[in-house]
Structure formats: C-alpha cells, structure tokens
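Reader: I would like to learn how to read a protein model, one feature at a time. Can we work through an example together?

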Amino acid sequence: MKTPFDKAIFPKQVPVMNLGNSTLFPKAILPLYIFENRYRLMLDEVLNSHRFLVVTDLESQSNYTDSEIQLNNEQNQRKEIIAGIGVVRACRKNPDGTSHLIIQGMARVKLLSINWDLPYPLAD
C-alpha cells in the first residue's frame, strides 16, 4: 500500500503544542488561536522554517503534569507518546501579536524524546 505523501519530508525535530483534550488526526483541519508568548515564539520559528508542528495532550497521555514530564524526560524515563504532526496551511497575524492559523494533520507520530530547553517543547 502506498502512502499519500513521503514521510521523509518531516524534520527530525518538531515543536510541540501541548493542547489538553485534543488530537490532530491525519487529513483533519484544526483551527487555532495563538495568544501565549511561548507559542508565539514557536509559531515564528515554524513559519520561518518547515511549517510543521506536533499537536498532542502531553499530560493525559503520560498521566503526568507538564513539570513531571520534563523531569522524567531528563531522567530518560520514556513513556510512549503518540501525537499528530501537521503543517500550517494558513496564518493571519493580528496587530496585538496573536495569530489565527489553520493546521492540516499529516500523520501520526511517536515522540522519541522531548527537549525543554526552549520556551516550548521540541520533540524528536
């Protein structure tokens, strides 16, 4: 069975948007309103590079809080986290710095590790 696109187009590291109770499915469209500073920085990085980002609910998948996920990741205690990778199809930046965007789901991915050195998570 052929895949509809080449998965090799995905970058090795992708920013993660941690959205509670949400899932990005392949081919699905997800409208988002970006207002948090960390996600504004993430969006600038994404738009100036590959336009890919991961959307997942880190807390519910791992049964840990955000800080516990970071601590466990630093201690190399990996728990399998499945997420949706998507591409930003459209983005409108507002004068107040917020943004409205449309993400299209591309595939399901397994996060191998999460780096917390930036204001937003970055996953392999």
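Reader: Which residue forms a salt bridge with Lys 93, and how far apart are the closest N and O atoms?

Author: First, a caution: this is a predicted model. The partner is Asp 44, and the closest N and O atoms are 2.3 Å apart. Asp 44 lies in helix H1 and Lys 93 in strand S4, so the pair ties together parts that are 49 residues apart in sequence.

Reader: Are Asp 44 and Lys 93 buried, partly exposed or exposed?

Author: Read the relative accessible area. Under 20% is buried, over 50% is exposed, and partly exposed lies in between. Asp 44 has 31%, which is partly exposed. Lys 93 has 48% and is partly exposed as well.

Reader: How many salt bridges does the count come to?

Author: The count comes to 3. Another one joins the side chains of Glu 80 and Lys 110, at 3.9 Å from N to O. Glu 80 sits in the loop between helix H3 (66-74) and S4, and Lys 110 sits in strand S5, so this pair ties together parts that are 30 residues apart in sequence. Glu 80 counts as exposed, at 54% relative accessibility. Lys 110 counts as partly exposed, at 46%. Glu 36 and Arg 38 also meet through their side chains, with 3.0 Å from N to O. Glu 36 is partly exposed at 31%, and Arg 38 is partly exposed at 24%.

Reader: On to the sheet. What is the order of its strands?

Author: Start with the general idea. Strands of a sheet pair through backbone hydrogen bonds, either parallel or antiparallel. Here the sheet is open and has 7 strands, in the order S2-S5-S4-S3-S1-S7-S6. The pairing is mixed. Strands S2 (29-34) and S6 (114-115) stand at the edges with a single partner strand each, so one side of each is left without a neighbour in the sheet.

Reader: Which way do S1 and S7 run, parallel or antiparallel?

Author: Antiparallel. Strand S1 (residues 14-18) is joined to strand S7 (residues 122-123) by 2 bridges. Within S7, Leu 122 is the bridge partner of Pro 15. Now take S1 with S3: that pairing is parallel, over 3 bridges. There, Asn 18 of S1 has Thr 56 in S3 as its bridge partner.

Reader: How many residues of S1 are buried?

Author: 5 of the 5 residues are buried, so S1 is largely enclosed by the rest of the structure.

Reader: Which residues of H1 are buried?

Author: Tyr 39, Met 42, Leu 43 and Val 46 are buried. They cover an arc of only 100 degrees around the axis, which puts them on the same side of H1. The cover over the buried residues of H1 includes S1, S2, S3, S4 and S5.

Reader: Let me finish with one residue. Is Ser 99 buried or exposed?

Author: Ser 99 is in strand S5. Its relative accessible area is 2%, so Ser 99 is buried. Next, list the contacts. Leaving out residues up to four places away in sequence, Ser 99 touches Leu 32, Tyr 33, Ile 34, Leu 43, Cys 91, Arg 92, Lys 93 and Asn 94. One of these, Leu 43, is among the buried residues of H1. Another, Lys 93, forms the salt bridge with Asp 44.

Methods
Residues are numbered from 1 along each chain as its sequence is written. This is a predicted model: local features need pLDDT of at least 70, side-chain atom pairs count only at pLDDT 80 or more; totals for chains, interfaces and linings use all residues. Side-chain values use heavy atoms; hydrogens and water are left out. Two strands pair if DSSP finds at least two bridges between them. Helices (H or I, at least four residues) and strands (E, at least two) are DSSP runs, numbered from the N terminus. Buried means under 20% relative accessible area, exposed over 50%, partly exposed in between (1.4 Å probe, protein chains only). The arc is that of the directions from the helix axis to the C-beta atoms. Contact means heavy atoms within 4.5 Å. A salt bridge is a side-chain nitrogen of Lys or Arg within 4 Å of a carboxyl oxygen of Asp or Glu.
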